[in-house]
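Please look over the sequence and the three-dimensional structure shown here before reading the points that follow.

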Amino acid sequence: MRNVYFAILLSWISCHLNGQQNNTLFLMHELPQANIVNPAVPIDCKLFVGFPGIGSTHVNAYSTGFALSDILVSSSGDSLRFELDDAISNMSNKEMIATETHLSLLSAGYKYKQNYFTIGVNEKVNTYSTLNKNALRLIHGGNTQFEGQLTNLNGTRVNAIHYREYALGWAREISKRLSLGIRLKFLFGKANIYTKPARMSLYTDAISFETYVASSMEGNMSLPVDVTTHTDGKLDEMVERDNVKTGDYLMNRENGGYGVDLGFIYELNENTTLSGSLLDMGYINWKSDAYALESSGSMDITFEAIEDGLGNLDAVTDALLEVFNPEVAAEAYSSPMLPALYLGISRYINPWLNVGAVFHTELYRNRFHPSLTFSGNTMIAKNIYGSLSYTLQNRQFNNIGAGIGAQFGIFHIHAVSDNVPAFFNLMNAKNVNLRFGISMLLGCGRERKNFGKDNGIRALPCVGDPYSAIKSRKKRKRR
């Protein structure tokens with residue numbers, strides 16, 4: 001009976017955990033890239049240098065509500081057709097779709113006594129969009145399904161951002177048990193779309209079939225576009241600027257902002273280590289090509305109402321655009337970053353294995369998107385170390401992750417993913433992510449004994465004796 005209760009508990013947790021990013025990496029503390037998700041993590045070497053452009057690349061895409069197989073179904077032959085029925089049936093009232101692409105242009109770290117200093121330049125493109133289930137039901141199935149009721153269409157929103165990050169980090173061993181880290185980030189925005197949750201409702205009379213819609217929407221954007229307005233301030237035309245030079249766009253420094261990351265590592269006892277970090281607290285001020293958009297109103301769309309799904313959508317769209325055409329004004333604005341919290345615990349089992357758990361959550365528009373990961377790190381072979389993880393999230397139970405670090409002289413490579421099976425079944429995956437890269441570690445032999453003890457198995461060796469961590473562990477056990 002206890003096993004049944006445990007299975008029910010795991011099912012409930014999985015249904016309520018739906019955010020995932022770099023969870024496997026978080027407890028691989030000997031990987032230099034672990035400093036990305038916890039600025040308190042040092043290296044045991046004198047110098048770390050990531051190869052420009054390929055030091056560490058991160059790609060991530062996830063949906064909290066549906067997979068590609070829910071919206072693309074097989075048709076005649078090898079073709080696919082767009083279908084919303086399965087996607088809508090699997091959705092909650094609001095679902096999130098997100099993508100992330102992070103490219104390391106420059107990364108380096110230098111160890112000096114009890115301090116570890118880092119520098120990084122990263123290009124980041126993120127999108128976070130929220131969909132309202134009823135809005136998709138309306139578009140797909142028409143308004144007859146909502147007869148006699150006031151239908152809530154609130155919550156749809158879009159956030160897309162491209163920015164460059166210049167980061168300076170400092171980690172320091174405060175005591176034998178505690179290490180702290182901080183990273184200051186100077187942000188320069190390149191493009192942005194930032195909207196508030198749309199407020200929209202629909203009412204269809206069950207007898208007369210009269211249909212009314214009311215809406216209020218606000219948003220901001222900073223894009224290389226040309227905007228013209230009518231005399232009343234409402235949008236006339238928005239077109240992409242055709243004379244934008246790529247260099248001017250990429251080197252735009254008008255949209256400045258700041259951010260900070262904080263982290264800690266605390267040895268609770270000889271076998272147990274706690275760690276955590278709070279990332280991406282900050283904002284960007286948008287000034288170049290910055291606009292504010294706002295629209296509100298209500299109207300009777302009875303004659304243009306959607307009765308046959310997408311068949312009558314054009315008429316309804318034209319009517320809605322006429323009433324809800326936004327007012328546009330050139331106006332600077334600020335957009336917050338997306339804060340993320342990591343909390344981890346790792347436990348030393350034996351010289352070849354440690355296990356741990358990581359809780360991760362992001363706060364997006366007053367809604368948390370958490371995930372929970374269990375992992376184990378081990379030595380696969382000399383100079384090859386790995387991690388295996390299992391994540392509860394997105395109402396799926398096949399989120400098996402893996403990470404590997406391998407040493408070849410002064411060069412090392414890393415590859416980490418929280419959901420390896422997704423690469424073999426992309427159509428049914430709700431989350432796909434991968435971090436990979438190549439870098440160099442120098443001066444490792446004389447540094448490892450100076451920056452605290454090794455907490456469990458090394459996920460990635462430095463140049464020198466890869467077994468020294470195990471030897472030092474055995475010596476401590478004898479004492």
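A residue is called buried when its relative accessible area is under 20%, exposed when it is over 50%, and partly exposed in between. The model discussed here is predicted.

**Aromatic pairs**

- Two rings can pair if their centres lie within 6.5 Å, and by this rule the count comes to five aromatic pairs.
- One of them joins Tyr166 and Phe188, whose ring centres are 5.7 Å apart and whose planes meet at 85°, so this pair is edge-to-face.
- These two residues bring together distant parts of the chain, since Tyr166 belongs to strand 8 (residues 157-173) and Phe188 to strand 9 (residues 178-195), 22 residues apart.
- Tyr166 is partly exposed because its relative accessible area is 26%, whereas Phe188 counts as buried at 14%.
- Trp286 and Tyr333 form a stacked pair, with 6.4 Å from centre to centre and 20° between the planes.
- This pair also links distant parts of the chain, with Trp286 in strand 15 and Tyr333 in strand 18 (residues 333-336), 47 residues apart.
- Trp286 is buried, with a relative accessible area of 0%, and Tyr333 counts as buried because its relative accessibility is 8%.

**A charge over a ring**

- Arg253 lies over the face of Phe188, at 4.3 Å from the ring centre.

**Ser275 and its surroundings**

- Ser275 is found in strand 15, which covers residues 272-286, and it counts as buried because its relative accessibility is 2%.
- Leaving aside neighbours within four places in sequence, Ser275 is in contact with several residues, including Phe26, His29, Asn38, Ile265 and Tyr342.

Terms used. Residues are numbered from 1 along each chain as its sequence is written. This is a predicted model: local features need pLDDT of at least 70, side-chain atom pairs count only at pLDDT 80 or more; totals for chains, interfaces and linings use all residues. Side-chain values use heavy atoms; hydrogens and water are left out. Helices (H or I, at least four residues) and strands (E, at least two) are DSSP runs, numbered from the N terminus. Buried means under 20% relative accessible area, exposed over 50%, partly exposed in between (1.4 Å probe, protein chains only). Contact means heavy atoms within 4.5 Å. Rings of Phe, Tyr and Trp (its six-membered ring) pair if their centres lie within 6.5 Å; planes under 30 degrees apart count as stacked, over 60 as edge-to-face and the rest as tilted. A charge sits over a ring if NZ of Lys or CZ of Arg is within 6 Å of the ring centre and within 35 degrees of the ring normal.
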